[in-house]
Amino acid sequence: MTTGTLITVAPTGAESAKSEVPALPVTLDELVLTAKECEALGASVIHVHVRDDEARPTLDQGRLRATVAALRENTDLIVQLSTGGAVTDPEADRLAVLDAGPDMASCTMGTVNFGNDVFLNRWEFIVDLHTRMQERGIVPEYEIFDLGQLTALQRLLGTYGLPHGGHVHVDFVMGVPGGMPGTTATLVAARQLLRDLPEGTTFSATGIGRSTIPVLLAALSTGGHLRVGMEDTVTYAKGRPVESNMQLVARAVGFAQLAQRPPLNTGQARELLGV
């Protein structure tokens, strides 16, 4: 499906500090308000990280469950929880994210240098995430930080079968220091490698920081979908901080409409992803 555009908003992440980015939504009320605003503009999926009372990243089970419940009560968005958490989170806590019962969850397909840190994703952990989601009826989004991780995904699906719902959807996370660059050439190369995955596989693309616009344009022009939000960039333009997630979603919607691929509504998004 390339006649419409799936728009995912990633409003918070685990990297930026509230003290440095005051507009970052970190409380449940702030997150719900952001979700409602972005849904009204055209987002159909929300990729969620949560924070504690001091605005620090957390995988607290109570907060995760409350967040899923509040988003379902107040929006029709597809709720996708991050199983990546922060780079310091232990595997057991990341697996337990699934206990909160989201519609979707991320599944990162390999270890990658992440700035000065290491985002560790062992093969056994990836298999555990994939098979638990199959059992629980949770749809994965396979996050790809480097091209070799597409080969790992091919191996995973060939060995352990298709995800719940039968549809394979990946997100190219581009521009992370240590991962693949956020360039048009890289996205085209990644797009070509999707030929080795099951027929009908779809992709979104995320440009981190200054790669946001090049990746957004390249994704639209190659039949892909979009993920935007303050998890991925806190600068709207050079010297201009992002004011809200709405601002980033509105820009993505505008580009999608110019490409004559308007945003998918939540019903269409659920049909596409097999949620």
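Which residues in H4 meet which residues in H5? Trp-123, Ile-126, Val-127, His-130, Thr-131 and Gln-134 in H4 meet Ala-152, Arg-155, Leu-156, Leu-157 and Tyr-160 in H5, where contact means heavy atoms within 4.5 Å.

The model is predicted: local features need pLDDT of at least 70, side-chain atom pairs count only at pLDDT 80 or more, and totals for chains, interfaces and linings use all residues. Residues are numbered from 1 along each chain as its sequence is written, and side-chain values use heavy atoms, with hydrogens and water left out.

**The barrel**

Eight strands form a closed barrel in the order S1-S2-S5-S6-S9-S10-S11-S12, with parallel pairing. From one strand to the next, the twist averages 30 degrees. Helices (H or I, at least four residues) and strands (E, at least two) are DSSP runs, numbered from the N terminus. Two strands pair if DSSP finds at least two bridges between them.

| Strand | Partner strand | Bridges |
|---|---|---|
| S1 (residues 7–9) | S2 | two |
| S2 | S5 (residues 78–81) | four |
| S9 (residues 139–144) | S10 (residues 169–174) | three |

Tyr-142 stands opposite Val-170 in S10.

Helix H2 (residues 61–74) packs on the sheet and touches S2 and S5, its direction making about 160 degrees with that of S5. Helix H9 (residues 266–273) also packs on the sheet, and its contacts include S6 (104–108), S11 (202–207) and S12 (225–228). The direction of H9 makes about 55 degrees with that of S5. Axes are lines fitted to C-alpha atoms, for helices over the stretch in contact, and angles run from 0 to 180 degrees between N-to-C directions.

**Strand S2**

From S2 (residues 45–48), Val-45 and His-47 point one way and Ile-46 and Val-48 the other; all are buried, that is, under 20% relative accessible area with a 1.4 Å probe and protein chains only. Ile-46 is the bridge partner of Val-9, and in S5 the bridge partner of Ile-46 is Val-79. The chain reaches S2 from S1 through helix H1 (residues 28–41) in a right-handed β-α-β crossover. With the strands pointing away from the viewer, such a path from the first strand over the helix to the second runs clockwise.

**The H4 and H5 pair**

H4 (residues 123–136) and H5 (residues 148–160) pack at an angle of about 50 degrees, with their axes 11 Å apart. H4 is therefore oblique to H5, a class left after under 35 degrees (roughly parallel), over 145 (roughly antiparallel) and 65 to 115 (roughly perpendicular). H4 passes H5 in a right-handed crossing, the near helix being turned clockwise from the far one by less than a right angle.

Methods
Buried means under 20% relative accessible area, exposed over 50%, partly exposed in between (1.4 Å probe, protein chains only).
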